Amino acid sequence: MTSVYDLVASQVERVPEATAVIVGDRRTSYRELDRMAAGFARGLTQPRGGLVGVCLGRDERMVAGLLAVWRTGCGYVPLDPAMPVPRLAGMVRQAGVRQVLTTRELAPTVAATGAQPVLVDGPDDDGEETPSRAGDGVAYVLFTSGSTGTPKGVVIEHSSVLALLKWMARTIDPAHLRAGLATASLSFDASVHQMFGPLSTGGCVVLADDILALPSLPARDEVTMISAPPSALAALLEQPLPRGVRRVNVGAETVTRPLVDRLYAQPGVETVVNLYGPTECTVFCVTHAIGRDETGAPPIGTAVADCALTVRDADDRVVDDGTPGELWVAGPLVGRGYLGAPELTAGRFVEDPASPGGRRYRTGDLVRRVDGLLHYLGRLDDQVKVRGFRVEFGEVESALAAHPGVRHAVAVAPADTDGTRVLHAYAEAATAGAIQPPDETVLRDHLHERLPHYLVPARILVVEKLPRNTNGKVDQAALPSIPFGKDTASAGRRTYEEPRDAAEAQVAAIIADVLDLPRVGRTDRFDDLGGHSLSAARVVARVRVELGAAVKLGDFLADPTAAGLARRLEGSGSPIAPPTRLPGVTKVPLTDVQRQLWTSRRISGFPGATTEAFAIGIAGRVGSAALTDALNALVVRHEALRTVVREDEYGLTGEVLAAVPVPFTEHDARDMTEAEIRTVVDRAARQTFASDQHAPLLRAALLRTAEDAATLVIAVDHLAFDGWSGGILRDELAAHLADAGSPIAEPAVQLGDVARWEEQLFAASAPADQAFWTEELAGAQPPYGMTRTPRSGPPKYRGKRLVRPLRAETVEAVRHLGASTGLSDFAVHLAALDVLLAHWTGSRDVLVGVSAARRDLVELDRVVGPLIAVLPVRVRWEPEQSFRTVAALAARARNRTLAHTDLSTSALSDAARAAGVERLAGVPLTPVAL
């Protein structure tokens, strides 16, 4: 038996009438599946040993198609029809694919790649069945990198897949393999064990598009084994698992003990298994059956299928147990290498005649072996802000204490259940005279009259007395907890208005659930309910998943009510699948913004052009070792901080490097003058990051200003960072310093995963967004003529930061204008800038750049990287119109822009060119930005 086809064919002979595949209510026996595969194979003429593409939907024909390819002695290359055609075409060319199994519906996509479509739903072929030519050789090639440059194809042989499947048959309870749920895309290696684990032993495969579809499947009660990442399982467990589920395989992300406990609490679950392994090692090569009574973070475990695992240091030497190091894998599961990339293969697949199979694969994963079990540690390669607003607690406390019923106030910003910071406050009631303690609603109204919306706490707890420590200060650790959720938005609610139809009711229910409110009216404004940009993104994500509608975040924010969102459901189209994690990838594409930043730095000739720096105040004693550990852990968790740009004949790509210590300096500033401190800070901030460097894109300097106070200056490369990332960095540093023993989980996806997804998003949105921008920018003229001496060419980066505080009465006037017109402070500031530019340029048709975060999905909340775009906002007005009108026009223009953000910079430039916009060479489309 030399191929996976032979293994399945043996079950056709043993149990021909047993069910092999279940799709909805439709069942296919082993005999029918084999007959289908033989029919498909008759149309394939690729020579034995070649590669055949498979571009099919998730039904029994997909499984038969893979068997058909193997029957001809070829290997398969999965081609996801959701991918952009240029990427599919590149994979077809690289793999030498001439034929692709597909359907009539998908045939045009296949034909556009240059390959020949071979239809599985064409006329029945009554020709003679050709004998099987199945044998050893390549089983499949999975492309695990993006389309910038050349995708990386991992070549896996039949012998490796057979070794894994035979190990599964030997070690997994046959009752668990009886019916496996297969939800992984063919483009991901998990699909191999999900389908062929059961099929190689006479079990059946239940096909579904997503793990969350399990509760609604007709065959849900027959499923005995499921496999999914922890994040998907956590969502699945919002309702009980079907009682038939006996085994749960967890992989692709770090699994936590609380999730394991929730799984074991399900009535039928007998075994929870942690799976680990890169695509290069045939799905998984390390497992651990997590015990019910185990404690602590689950290990990834021990080797499977006779693999040999070693942990090695930077000099490739095996380290002692307990010492962290890189995991190397040898044995039958190690793949052949990367298709057509001998140098890349040689760098990861190390020749070692003494090892099983003669080679070892370097995983790039940091592990530690303790008592024979491997523990995953991370990857080697690679004032307070609330919801993005800087919040000074003193301002909130002063405004709250100005109420006659409040003696003293304290503001805090704890994290809610999903890690989002929320502003809360405590008010100590005044007891003098006959003053009655105010309630929360009164205090919120009081603050709404004095503070911008983001400085009004979501909850205010009125207490008789604030707890204090021995020195008289408020003891924040002793403050009573304030619950999140249902009472958060109790103030400022409108009269409840019932949803008018089913769509409004569904949307209102999602909003209420995200904000943890008992109910939401059809006209209740999202921000009045306590919603913010992150929770708005979660609403949009839920709508995508639950209602199948792709509504853009900007569209929701433009009309943030259940009624407004329900109107957007019509014609919203099919959503683009969110980004998914591809672990173990070291060559990654760049995001659109990364490419633009790299190009700008290259053109400028100034290596500091993309450097960002900021300072963090530290109160209390902190050791240098603890701080450097926390910084180094950041680099391990976030691949963007160790990804450098490489340029070759195929273009720009990112290389995820092994983690190395963060460059760190320490200064005793207690006896320094202010001028000396400024010099040290300035030197620490003025770092440069070369494109070919091998150090992390993050450096730090600590200035100790007192025994229990210090300032941490951090310099980062903008290619790996943005303002949102700064919040992630601060939060994770604080969490690590507070409890170094509690591991902080990696984000669900990394920046390279987002870059792959971004390309699909741009391709899907390009026609509509390009048409919008061509119309929006028609006749626009960027404000280029404001300098005394006109110039063109790249910027010289000779500017400095100028800070000019606004007068208190100006700030108050902006707030009052916004409150009286229902506009945000940002809209007022944007209108003021527009009017100023109109004065300087003599035109009341103004184009200003506005930053927009590309973080509409919950998967992107904790991704470090520059997920931003600077988009042109065009505001036009007439001489007789008031400033209030201009502000309203600015708000509408910005919301209009936010609804069309899914366009690459080059495509936006093309749209501007098509619109007739005249641009100066080397100067941005929007030289003025807010």
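**Figure 1. Alanine 305 sits in the loop between strand E15 (302-303) and strand E16 (308-312).** The model shown here and in the other views is predicted. Although alanine 305 is not a glycine, its phi is positive, at about 50°. The residue has a relative accessible area of 4% and is buried, the cut-off for that class being under 20%.

**Figure 2. Aspartate 371 lies in the loop that connects strand E20 (359-370) and strand E21 (373-379).** This residue, which is not a glycine, has a positive phi near 55°. Its relative accessibility is 74%, so aspartate 371 counts as exposed; the cut-off for exposed is over 50%.

**Figure 3. Strand E12 (residues 247-251) is mostly covered, with five of its five residues buried.** Arg247, Asn249 and Gly251 point to one side of E12, Val248 and Val250 point to the other, and all are buried. In a regular strand, side chains alternate between the two faces of the sheet. E12 pairs in the parallel sense with strand E11 (residues 225-228) over four bridges. In this pairing isoleucine 226 stands opposite valine 248 of E12. Strand E13 (residues 271-276) also runs parallel to E12 and is joined to it by five bridges. Here valine 250 is set opposite asparagine 274 of E13. Together with helix H9 (residues 257-264), E12 and E13 form a β-α-β unit that is right-handed.

**Figure 4. Serine 191 belongs to helix H7 (residues 190-199).** Serine 191 has a relative accessible area of 1% and is buried. A polar atom of its side chain lies 2.7 Å from the backbone oxygen of phenylalanine 188. With neighbours within four places in sequence left aside, serine 191 is in contact with Ala184, Ser185 and Leu186.

**Figure 5. Helix H6 (residues 158-171) has 14 residues and is covered by several other elements, H7 among them.** From its first C-alpha to its last, H6 reaches 20 Å, close to the 20 Å expected at 1.5 Å a residue. The buried residues of H6 are His158, Ser160, Val161, Leu162, Ala163, Leu164, Leu165, Trp167 and Met168. The cover over these buried residues includes the helices H1 (4-14), H3 (60-71) and H7. It also includes the strands E7 (138-143), E8 (153-157) and E14 (286-290).

**Figure 6. The buried residues of helix H20 (residues 723-738) line one face of the helix.** H20 has 16 residues and spans 23 Å from first C-alpha to last, close to the 22 Å expected at 1.5 Å a residue. Ser725, Gly726, Ile728, Leu729, Glu732, Leu733 and His736 are its buried residues. Viewed down the axis of H20, these residues fall within an arc of 160°, so they line one face. They pack against helix H18 (624-637) and against the strands E28 (611-619), E32 (698-706) and E33 (709-717). Gly723 and Ala738 are exposed, on the face of H20 turned away from the buried side.

**Figure 7. Aspartate 722 caps the N-terminal end of H20.** One of its side-chain oxygens lies 3.3 Å from the backbone nitrogen of tryptophan 724.

Technical notes:
Residues numbered from 1 in each chain as written. Predicted model: local features only at pLDDT ≥ 70, side-chain atom pairs only at ≥ 80, totals over all residues. Heavy atoms only, no water. Helix = DSSP H or I, 4+ residues; strand = E, 2+ residues; numbered from the N terminus. Expected span 1.5 Å × (residues − 1). Buried < 20%, exposed > 50% of the residue type's maximum accessible area, 1.4 Å probe, protein only. Arc of directions from axis to C-beta. Contact = heavy atoms within 4.5 Å. Polar contact = N/O pair within 3.5 Å; in protein donor to acceptor, adjacent residues only side chain to side chain. Pairing = 2+ DSSP bridges. Right-handed = clockwise from strand over helix to strand, strands pointing away.
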